[in-house]
Amino acid sequence: MESAEEEESGRSGRSEPRRLYTGRGVGDRILRVQLTATGVAVLAVMAAVGLFLLLRAGQALRVRGWAFLTTAEWQPDVHRFGIAAVLTGTLLIAAVAVALSVPLALGTALFISEVAPRRLRRTLVTMVDLMAAVPSVVYGLWGLFFLQQHVIGLSRWLSDWFGWIPLFTVDGTRSGDPLASDSVYTASTFVAGIVVALMVAPIQCSVMREVFAQAPAGEREGAYALGATRWGMIRAVVLPYGKGGVIGGTMLGLGRALGETIAVYLIISPVFVIQPHILQTGSNSVSSLIALHYGDASTFGMSALMAAGLALFLLTLAVNFTASSIVARSRSGAQSEA
């Protein structure tokens, strides 16, 4: 009887719909729990770090209050301290680093993903990844003993031709003065920014490269079919698609530049005044301040250093969260509709 019904069903071309099982298996449930636990653990560690810094910085913050953000000197033992000078130096070094690293990272990422042959592409990816693995102390020593001597000419040229811009002004020098001492151009924000730029560029390049590689193939082919050149296709398809990745990689590099310690500490000449001239000797950063005074700080001085670390932690956290939100709202990662 059943065989007859099956034969009749086969003749009519109809079959019973297959039942779909939508429940999660044991493996799926375990993976979900593991991923949830990992995410919660990361948030817990970040919260623990912030709480630790807040508790240790409480004594200094209660003494100075909001003046901690506006004072440009560091004498915690007499209760005269603040991060206005070092925070300004931190932002200037990071700004110089990002201004130099973004064009370098963007051009390298586009060359690797869109222009370079397949064999050369693998080599370039490996080299970029190796640059990201070089210790920061190596970059610092290279900048101190090699780069600094060879960038004085560029600093002097920028000061001579663009000294009318306050950012490029160097006190104590005159435009075109051949007798100006080279020492006024060393240990500057500009030199430290170049070194940090080379440190963050591989990170930015990796993020941008991965996003560019995911640009929809259908839209690439459509652009070529409409007669676009390679640059036209990159401009019309790859760059708009990867805009979120470019911004996210830039912000990620900015977060790294804000917290760089050893390389900056080796290069700069610490000053505790707001020094906005990036070509002039003398600068400072929050991380270098902590490294400089950590070993000889008193109990109250240690609380002041923790307060400086808390400010840097919150600033870096804000930058990274901003980058995440921008990338999440971008089109990067979407699938092609073609």
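In this predicted model, helices α5 and α7 cross with right-handed geometry. The contact draws on Ser136, Tyr139, Gly140, Trp142, Gly143, Leu147 and Gln148 from α5, which meet Val191, Ile194, Val195, Leu198 and Met199 from α7. Sorted by class, the residues joining α5 to α7 comprise eight nonpolar and four polar ones, with no charged residues. The axes of α5 (residues 136-150) and α7 (residues 189-213) come within 10 Å and cross at roughly 140°, which makes α5 oblique to α7.

Helix α4 (residues 118-133) also packs on α7, at an angle of about 135° and with the axes 8 Å apart; the two helices are therefore oblique to each other. The crossing of α4 and α7 is left-handed. On the α4 side the contact involves Val125, Val128, Asp129, Met131 and Ala132, and on the α7 side Leu198, Pro202, Cys205, Ser206 and Arg209. By class, seven residues in the contact of α4 with α7 are nonpolar, one is polar and two are charged.

| Helix pair | Crossing angle | Axis distance |
|---|---|---|
| α5 and α7 | roughly 140° | within 10 Å |
| α4 and α7 | about 135° | 8 Å |

These helices belong to a chain that has 13 helices and two strands. Of its 338 residues, 39% count as buried, and the chain exposes about 19200 Å², of which carbon and sulfur atoms supply 64%. Among the contacts between residues at least 6 apart in sequence, 75% join residues at least 24 apart.

Conventions:
Residues numbered from 1 in each chain as written. Predicted model: local features only at pLDDT ≥ 70, side-chain atom pairs only at ≥ 80, totals over all residues. Heavy atoms only, no water. Helix = DSSP H or I, 4+ residues; strand = E, 2+ residues; numbered from the N terminus. Buried < 20%, exposed > 50% of the residue type's maximum accessible area, 1.4 Å probe, protein only. Contact = heavy atoms within 4.5 Å. Areas by Shrake-Rupley, 256 points an atom, 1.4 Å probe, with all protein chains shown as cover. Axes fitted to C-alpha atoms, helices over the stretch in contact; angles between N-to-C directions. Parallel < 35°, antiparallel > 145°, perpendicular 65-115°, else oblique. Left-handed = near helix turned anticlockwise from the far one by under 90°. Nonpolar A, V, L, I, M, F, W, Y, C, P; charged D, E, K, R; others polar.
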